[in-house]
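Hi,

Here is the structure I promised to pass on. Have a look, and then read my notes on its aromatic rings below.

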Amino acid sequence: MRFDDHRVVITAAGRDFGRTLAIRLADLGAEVFLSARTLAAAERVRDEIRGRGHQQVHAFACDLTVPASIRDFAAGVARHTDRIDVLINNGSRYLSGPALQSASDADVVDTIASGATGTVLTVKNFLPLLLNSDKPDVVTMVSACGTAGHHRSDAHDAFYAAKSAQAGFTEILSKRLRPQGVRVISLYPPDFDNPDPLSEKWESTPRDAKSALTAQSLVDCILFAVAQPRDCFIKAFHFEQV
């Protein structure tokens, strides 16, 4: 399965799962437009990918809590291309601590802004480029915390709020964008293992029924959904928690 004809935007790709997505999609031939909160972080991943022989990768700074930064990111991508085929909303600040009082007001605002407002504004600003594609997909990494009734995470209440907002947004977006041919795909993973895709652990991490969910499997779910014929609208992936 190759993605040579896909142009992909990934938010928060400077580390962790966003970096994993950027590396794997570039390896499969996609042209990748990646962002991180700082340009230096985005450029580090861009240079890693270029060092693997993939030159079609571009780095941008984007702070998902700042609307002007999101607009600048979309405008910067538009200077390189007239279309985007896949937008991956990976960015959302994690905040730990099951006690509501454990986080500062600033941390609460930052968490909800990055996950909720940031996701809405990212889709809004990239929608014109998506509508120029004949295969537009919006993929959002929500979380099991965005599932109604979920309570098994030690994440802070503000993180739950942000993820619930993402879930509500993608649910209505799926219905409203379908007439324009845009598929909206959401993933609701619990905590998962994310080995470095450039390390030996990428191939050796256990993936049996008794093991935790892996980044490899999440990448496979995204690739599977995006590769389906355009009459196949896979709205969501939900996962059992070990």
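Is F17 buried or exposed? F17 is buried, as its relative accessible area is 5% (buried means under 20%, exposed over 50% and partly exposed in between, with a 1.4 Å probe and protein chains only).

Before you go further: this is a predicted model, where local features need pLDDT of at least 70 and side-chain atom pairs count only at pLDDT 80 or more, while totals for chains, interfaces and linings use all residues. Residues are numbered from 1 along each chain as its sequence is written, and side-chain values use heavy atoms, leaving out hydrogens and water.

Now the rings. Searching the whole structure turns up 4 aromatic pairs (rings of Phe, Tyr and Trp, the last by its six-membered ring, with centres within 6.5 Å; planes under 30 degrees apart are stacked, over 60 edge-to-face, the rest tilted). One of them joins F17 and F192: the centres are 5.4 Å apart and the planes at 80 degrees, so it's edge-to-face. F17 belongs to helix α1 (residues 16-27) and F192 to the loop between β6 (183-188) and α6 (201-204), so parts 175 residues apart in sequence get tied together. (Helices are DSSP runs of H or I with at least four residues, strands are E runs of at least two, numbered from the N terminus.) F192 is partly exposed, at 27% relative accessible area.

F73 and F126 also pair edge-to-face, with centres 5.1 Å apart and planes at 75 degrees.

Cheers
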